[in-house]
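Subject: Structure handover and notes

Hi there,

Here is the structure I promised to pass on, with my notes below it. Please have a look at the model first and then read on.

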Amino acid sequence: MEEQRSDYGFCPKCGALMQNGKCPSCGYAKKINWEDSSGMDWNETETGRKGMSTGAKIVLAVCAILLILLIVFIVIGAVFAYRSVSGSSNGTKDLTEGFFDFYGGDSDDDYLYDYDYDYDYEEYVPSADDDYYEEFVNSTVQGLSYTVEWHYESVYLDDTASEGYFYAEYPMLVGDDEELLGKISDEIRDYAFFYEDYYTDDDASVYVTAYVTYMDEELLSVLFNYEIYGSSTSLYWISAANYDMSTGEMIPYSEILEEDEETLAQRFRSQSEIQNGSISDLDAMSDEELLACLTDDTTRVLFYTPVGVELGFNYDTGWITVTLKDKTL
């Protein structure tokens, strides 16, 4: 009986009668030490919620800090990458350090185009034996008293929100006669930058590509292909500059082509059909309208090639050129 009484008592927390050392009402349990044959102590205490250990808390805190730092580094990296691409050249002109022959350079420049593409394309090399001039290409020649070196310029607007952009690639001439070649080079650059204002005035993208279509000791022909893409303006235009290399003077179109105006329009149509196929805009022109385009220096273009003189004109949506074989140099 005495042992039984020791198992009962009143709960110090709620006053209920305890059984076997535990309150059936609130769950309170008093400490009872049991000592088994091995001498180990077993303690029963009041039940409660388990908390996170100190080590686990430290690990969780470290992980949270590392995650925050990773996010910060990613954001900073993205900001710097964007600024380096879109803002680093704003308001500046990027000039190539040193000139090099873009098409006739040494093998050290091959990496610029080494994309390992398996194309069957062969670069067109114009020849006097060709039926006509097939496409705009460079026909630079080595071993002359002057050489061609290529220059590239990119100009961005200061306003980073603007889409305005200007890019030009054009030839510069170097050789013994620095004064004469410098004069021609300055004029070539002026041609390349003729539409420069469009990228600022119309917030447009302007691309200019120049071609040396013919060169020898007596003559030089440079063709300029302009492409302008703007919010309110789109322009596709070509122009050419032909030089007498003995004087450095530009050769007027009228001296390059002395053609019978009565047959010029029809001859142009016939050659265009052979060279370009059917062109609806050309078919829609009358002979009088076509002749006006071919004789007006604001719309027509003439330049020398190894195949012959190339005659063309600009109109609202583009340009057309044909080869006059009997004008082969």
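A word on terms before the notes: two strands count as paired if DSSP finds at least two bridges between them. Helices (H or I, at least four residues) and strands (E, at least two) are DSSP runs, numbered from the N terminus.

Please keep in mind that this is a predicted model, where local features need pLDDT of at least 70 and side-chain atom pairs count only at pLDDT 80 or more, while totals for chains, interfaces and linings use all residues. Residues are numbered from 1 along each chain as its sequence is written, and side-chain values use heavy atoms, with hydrogens and water left out.

**The sheet E12-E13-E14**

Three strands make an open, antiparallel sheet in the order E12-E13-E14. Strands E12 (300-304) and E14 (318-324) are at the edges with a single partner strand each, so one side of each has no neighbour in the sheet. On average, neighbouring strands here are turned by 20 degrees against each other, direction ignored; the axes are lines fitted to C-alpha atoms, for helices over the stretch in contact, and angles run from 0 to 180 degrees between N-to-C directions.

E13 (residues 309-315) runs antiparallel to E14, and 7 bridges join the two. Within E14, Thr 323 is the residue opposite Glu 310.

Helix H6 (residues 261-276) touches E13 and E14, and its direction makes about 95 degrees with that of E14. Helix H8 (residues 287-295) touches E12 and E13, at about 115 degrees to the direction of E13.

E8 (residues 205-215) pairs with E9 in the antiparallel sense over 10 bridges, and a hairpin of 3 residues joins them. Leu 219 has Asp 244 in E10 as its bridge partner.

How many residues of strand E9 are buried? In E9 (residues 219-229), 9 of the 11 residues are buried, so the strand is largely enclosed by the rest of the structure. Buried here means under 20% relative accessible area, exposed means over 50%, and partly exposed lies in between (1.4 Å probe, protein chains only).

**Tyr 170 and its surroundings**

Tyr 170 sits in strand E7 (residues 165-175) and is buried, with a relative accessible area of 0%. Leaving aside neighbours within four places in sequence, its contacts include Trp 150, Glu 153, Ile 188, Arg 189 and Ala 210.

**Salt bridges**

The whole structure has 4 salt bridges, each a side-chain nitrogen of Lys or Arg within 4 Å of a carboxyl oxygen of Asp or Glu. I'll mention some of them:

- Arg 189 and Glu 153 meet at 3.0 Å, N to O. The pair links distant parts of the chain, as Arg 189 is in helix H3 (residues 178-192) and Glu 153 in strand E6 (residues 146-156), 36 residues apart. Arg 189 is partly exposed at 26%, whereas Glu 153 is buried at 2%.
- Glu 187 and Lys 183 have their closest N and O atoms 3.0 Å apart. Both lie in helix H3, 4 residues apart, about one turn of the helix. Glu 187 is partly exposed at 24%, and Lys 183 is partly exposed at 30%.
- Asp 297 and Arg 300 meet at 2.7 Å, N to O. Asp 297 is partly exposed at 46%, while Arg 300 counts as buried at 10%.

**The chain as a whole**

The chain has 8 helices and 14 strands, and 35% of its 329 residues count as buried. Its accessible surface comes to about 20600 Å², of which 52% belongs to carbon and sulfur atoms; the areas come from the Shrake-Rupley method with a 1.4 Å probe, and for residues only the protein chains shown count as cover.

Enjoy exploring it!

Best wishes

Terms used:
Contact means heavy atoms within 4.5 Å.
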